[in-house]
Amino acid sequence: TSLMSFLWQPVASAGLSRMPRALESLAVWPVVYSLVTVLRSFGTAYNEVVVALMGEPRAHTSLRRFTTGLALSTSGLHLLLMITPLAYLYYNQLSALSQPLSSIAVQGTWILLPIPALVAMQSWYQGAIMHGSDTRGISESVAIFLATAALVLAVGVALGRGMGLYYGALAYLLASLAQTAWQWLRSRPAMRAARSEPQ
């Protein structure tokens with residue numbers, strides 16, 4: 001699973017390098033991805049909380065409520081960066097991107113707005129799957145992520161128009177949606193068991 005997760009970056013780089021304006025896309029993508037990684041880190045860390053607390057009395061209801069709050073707050077923070085000058089200042093001043101590249105980065109970051117919420121949900125579903133002791137669903141979801149991302153990037157390469165960065169961001173978003181949907185499906189038995197445990 002970890003190996004498959006690491007494959008996303010070379011797959012993304014390979015796709016961006018074969019699309020129009022490859023140099024700009026490859027220059028901006030790591031900066032955009034690093035910002036989104038910081039925003040999603042709260043959701044990533046939450047997985048350990050779910051694993052540790054899932055079997056506790058009344059944990060299912062509390063964790064579900066916290067997941068909703070975490071998803072809304074982290075994507076809310078992402079939105080706050082986008083509707084204020086903060087995102088542009090981050091890219092232009094802190095990351096030292098030129099004005100044209102900063103504008104490209106901001107547009108790509110808009111596409112990735114749902115990512116922090118999706119990662120929080122993934123941690124909720126992954127924790128439930130691990131609590132149920134059948135972790136195949138997690139590996140399957142990572143494989144689905146990679147397949148979806150590769151498909152979207154391949155479409156971008158085949159079309160040969162539009163900026164590669166935007167296809168990369170779209171590939172990441174759609175792949176994350178597919179991964180979250182699969183984890184939701186595979187976590188349903190564990191979720192039902194957790195709801196039925198004595199409170």
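**Exercise 1.** Is Glu 24 buried, partly exposed or exposed?

*Solution.* Before we start, a note on the model: it is predicted, so local features need pLDDT of at least 70 and side-chain atom pairs count only at pLDDT 80 or more, while totals for chains, interfaces and linings use all residues. Residues are numbered from 1 along each chain as its sequence is written, and side-chain values use heavy atoms, with hydrogens and water left out.

Step 1: recall the classes, where buried means under 20% relative accessible area, exposed over 50% and partly exposed in between (1.4 Å probe, protein chains only).
Step 2: Glu 24 has 27% relative accessibility, so Glu 24 counts as partly exposed.

**Exercise 2.** Find the salt bridges (a side-chain nitrogen of Lys or Arg within 4 Å of a carboxyl oxygen of Asp or Glu).

*Solution.* Step 1: the rule gives two salt bridges.
Step 1: Glu 24 pairs with Arg 21, their closest N and O atoms being 3.5 Å apart. Arg 21 is partly exposed at 46%.
Step 2: Arg 186 and Glu 140 meet at 2.8 Å, N to O. Because Arg 186 lies in helix H9 (residues 164-196) and Glu 140 in helix H8 (residues 136-159), this pair ties together parts that are 46 residues apart in sequence. Helices here are DSSP runs (H or I, at least four residues), numbered from the N terminus.

Conventions:
Helix = DSSP H or I, 4+ residues; strand = E, 2+ residues; numbered from the N terminus.
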